[in-house]
Amino acid sequence: MYFRLIYCSKPTATVTLPMVQDIVAKAQAFNNANRITGALFFNHEHFLQCLEGDRTTINKLYHERIAKDPRHSDICLLAAEETTEFYFTDWSMALITQTSTFKNLFVKYSGMTKFSPTTIASSDVLDFFLEARAALRNKS
Ligand SMILES: Cc1cc2nc3c(=O)[nH]c(=O)nc-3n(C[C@H](O)[C@H](O)[C@H](O)COP(=O)(O)O)c2cc1C
């Protein structure tokens, strides 16, 4: 059964971009081996992650590893649903940062204020990831 899970969290204060790049590199190896795909947004205030794969595998990864990881806190589940279509089949874990590639995305979803995943409606979170995918495709 295909499943998608989206959550946001707060990076621990000491977490830097190189640390997140390291998390993503290791995640890519695990995810690849376990047929998981997805994307991870990071800025110094928020993580926002989309995980796609087999439902049991995603649940195990989320509950047993990610949710227990001390590099973030305040985890908030935004969406957990069965799906017939994965968004990120080309990426075992894409990294999205507030760089020029994604500039339009952040202008759209932040308006005049800061990007704030906790206050975005679940349906808009899905749109956010779809648009992030388009930006990733243009980039490559
Ligand atoms: C925000 C965030 C997202 C993560 N995403 C993944 C992921 O997609 N896949 C993965 O294997 N590990 C991910 N990790 C790392 C896991 O939490 C964990 O450190 C890793 O799976 C190694 O687990 P272990 O130390 O129990 O072996 C993530 C960590 C953080 C903080």
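## Helix H1 against the sheet

Helix H1 (residues 17-33) lies across strands S2 (37-42) and S5, and its direction makes about 155 degrees with that of S5. Helices (H or I, at least four residues) and strands (E, at least two) are DSSP runs, numbered from the N terminus. Axes are lines fitted to C-alpha atoms, for helices over the stretch in contact, and angles run from 0 to 180 degrees between N-to-C directions. This is a predicted model, in which local features need pLDDT of at least 70, side-chain atom pairs count only at pLDDT 80 or more, and totals for chains, interfaces and linings use all residues. Residues are numbered from 1 along each chain as its sequence is written.

Helix H4 (residues 122-139) also packs on the sheet, where it touches S1, S2, S3, S4 and S5. The direction of H4 makes about 90 degrees with that of S4. Contact here requires C-beta atoms, placed from the backbone, to lie within 7 Å.

## Features of H1

The 17 residues of H1 should span 24 Å at 1.5 Å a residue, and this agrees with the 24 Å between its end C-alpha atoms; the expected span is 1.5 Å times one less than the number of residues. Val20, Ile23, Ala27 and Asn31 of H1 are buried, and S2 and S5 are included in what covers the buried residues of this helix. A residue is buried if 20 or more other C-beta atoms lie within 10 Å of its own, exposed if 12 or fewer, and partly exposed in between, with C-beta atoms placed from the backbone.

Met19 also belongs to H1, but counts as partly exposed because it has 14 C-beta neighbours inside 10 Å. Its C-alpha atom is separated by 9.4 Å from that of Arg71, 52 residues apart along the chain. Just after H1, Arg35 takes a positive phi of about 55 degrees.

## The sheet

Five strands form an open sheet of mixed pairing, in the order S4-S1-S3-S2-S5. Its edge strands, S4 (72-82) and S5 (94-97), each pair on one side only. Neighbouring strands are turned by 15 degrees against each other on average, direction ignored. Two strands pair if DSSP finds at least two bridges between them.

S1 (residues 2-11) and S3 (residues 47-54) run antiparallel and are joined by 8 bridges. Phe3 has Gly53 of S3 as its bridge partner, and Tyr7 has Gln49 of S3. S2 and S3 are likewise antiparallel, with 6 bridges; among the residues bridged to S3 is Ala39, whose partner is Cys50. A hairpin connects S2 to S3 through 4 residues. S3 is largely enclosed by the rest of the structure, because 7 of its 8 residues are buried.

## Surroundings of the ligand

Of the 15 residues around the ligand, Ala27, Phe30, Arg65, Asp69 and Arg71 come nearest; a residue is near if its C-beta atom, placed from the backbone, lies within 6 Å. H1, S3 and helix H2 (55-65) are the elements that give two or more residues to this shell. H1 gives the most, with 4 residues.

By class, the shell has 9 nonpolar, 3 polar and 3 charged residues. Ala, Val, Leu, Ile, Met, Phe, Trp, Tyr, Cys and Pro count as nonpolar, Asp, Glu, Lys and Arg as charged, and the others, Gly among them, as polar.

Key: Two residues are in contact if their C-beta atoms, placed from the backbone, lie within 7 Å.
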